[in-house]
Amino acid sequence: MRLRILVALGALTLAGCSSGEPSHAAGSTPPPLPSSAPAHTASAGTPRDLATGLSVPWAIAFLPGGDALVTERDTARLLRVTPGGKVSTVGKVPGVSPAGEGGLLGVAVSPTFARDHWVFLYYSAASENRIVRFPYLGKGVSGVQTLVGGIPRGPIHNGGRLAFGPDHYLYASTGETGRGDLAQDRSSLGGKILRLTLDGKAAPGNPFGTRVWTYGHRNVQGLAWDTQGRMFASEFGQDRFDEVNRIEAGHNYGWPVVEGFGGDRKRYTPPLLTWTTDEASPSGLAYDRGSLWAAALGGTRLWQVPLSAGGSVGKPVARFTGRYGRLRAVVTAPDGSLWVSTSNRDGRGAPKQGDDRILVIPVT
């Protein structure tokens, strides 16, 4: 498939993609990158199966000892997976109501876990999405506390990614549930990236004095930071362009007024790059060894996006196209490898023997 990459010179923004709809319109291609743009230096090695027989493993977060907690969207199970591939069930999360694109979604481990033992989850209840936490002491899921309720829930576009930033605050992506007006409404929690304290309150320094960090998003499902502390997000577009965005406090990323490049740049922050929706539909996002790595659902590949020290991007490189089907989560493991989950049993994929699985990909 011919690659159509749109790169905005000097912009540092990454935006979103669709759930795998066909591309109905092509965009114009801007001038090529200058010769000073970064070339990809990291290399992805041969993937190996770490765990198989899973059911829509949606998110992965590492505990201090190297084991990972993994959510299953449709079963509402929270799993524990060791670096050696042993899988055990921590417990079923109460209150989860899986349907459509909703269910048990994001997971994050407190940066001060050794002291407080908090594990954070994002899930779809019957009529809303919630961010909760519970103390994980090695046994079960109990004592769950709701930190943020009232996040709009719909059959599509529920967001759901959780990640702690370098500032030790919790970032959460929310979808606009197919209602584009929510993304531009700063009083709504839909179509946003939120920045929270450990108890779910608005973090100090948030631009509007609320939980909202950025707005104008359609459906962000990937959050990552580079070694300079710059934040990036991957986002589903609609029919035309998926995005990778540089995320900056208070910025408006344009949805539903703008998809991809275009619009009033004084009002709307343009993406760092875009793909057509059949090439990406990006979900998880990670940073490792000088590159962003975006897991593609509809594109059935892992995208490597090289970053320069100054934050500019080089030409994205498609890895493992079509080999493992739909890719959902990608995270950097403590040993520097990537853990990537497939999403072939989510109703849109073609499961193979062993699906769904978690792959380990060495990066050198």
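Glu 235, Glu 243, Trp 255, Val 258 and Glu 259 lie nearest the centre of the largest cavity, which 13 residues line. On a 1 Å grid over the protein atoms alone, a cavity is a set of points where a 1.4 Å probe fits but cannot get out; a pocket is an open set with protein on both sides within 12 Å along at least five of seven lines; lining residues have an atom within 4 Å of a point.

This is a predicted model: local features need pLDDT of at least 70, side-chain atom pairs count only at pLDDT 80 or more, and totals for chains, interfaces and linings use all residues. Residues are numbered from 1 along each chain as its sequence is written, and side-chain values use heavy atoms, without hydrogens and water.

The structure holds three cavities of 30 Å³ or more. A volume is the space filled by probe spheres set on the grid points, which are joined across faces, edges and corners.

| Space | Volume | Lining |
|---|---|---|
| Largest cavity | about 70 Å³ | five nonpolar, four polar, four charged residues |
| Largest pocket | about 760 Å³ | 25 nonpolar, four polar, one charged residue |

Nonpolar covers Ala, Val, Leu, Ile, Met, Phe, Trp, Tyr, Cys and Pro; charged covers Asp, Glu, Lys and Arg; the others, Gly among them, are polar.

The largest pocket has 30 lining residues. Phe 62, Ala 163, Phe 164, Val 331 and Thr 332 lie nearest its centre. Strands E3 (57-62), E11 (162-164) and E23 (327-332) are among the elements that give two or more residues to this lining. Strands are DSSP runs (E, at least two residues), numbered from the N terminus.

Of the chain's 364 residues, 61% count as buried, meaning under 20% relative accessible area with a 1.4 Å probe, protein chains only.

How values were computed
Helix = DSSP H or I, 4+ residues; strand = E, 2+ residues; numbered from the N terminus. Buried < 20%, exposed > 50% of the residue type's maximum accessible area, 1.4 Å probe, protein only.
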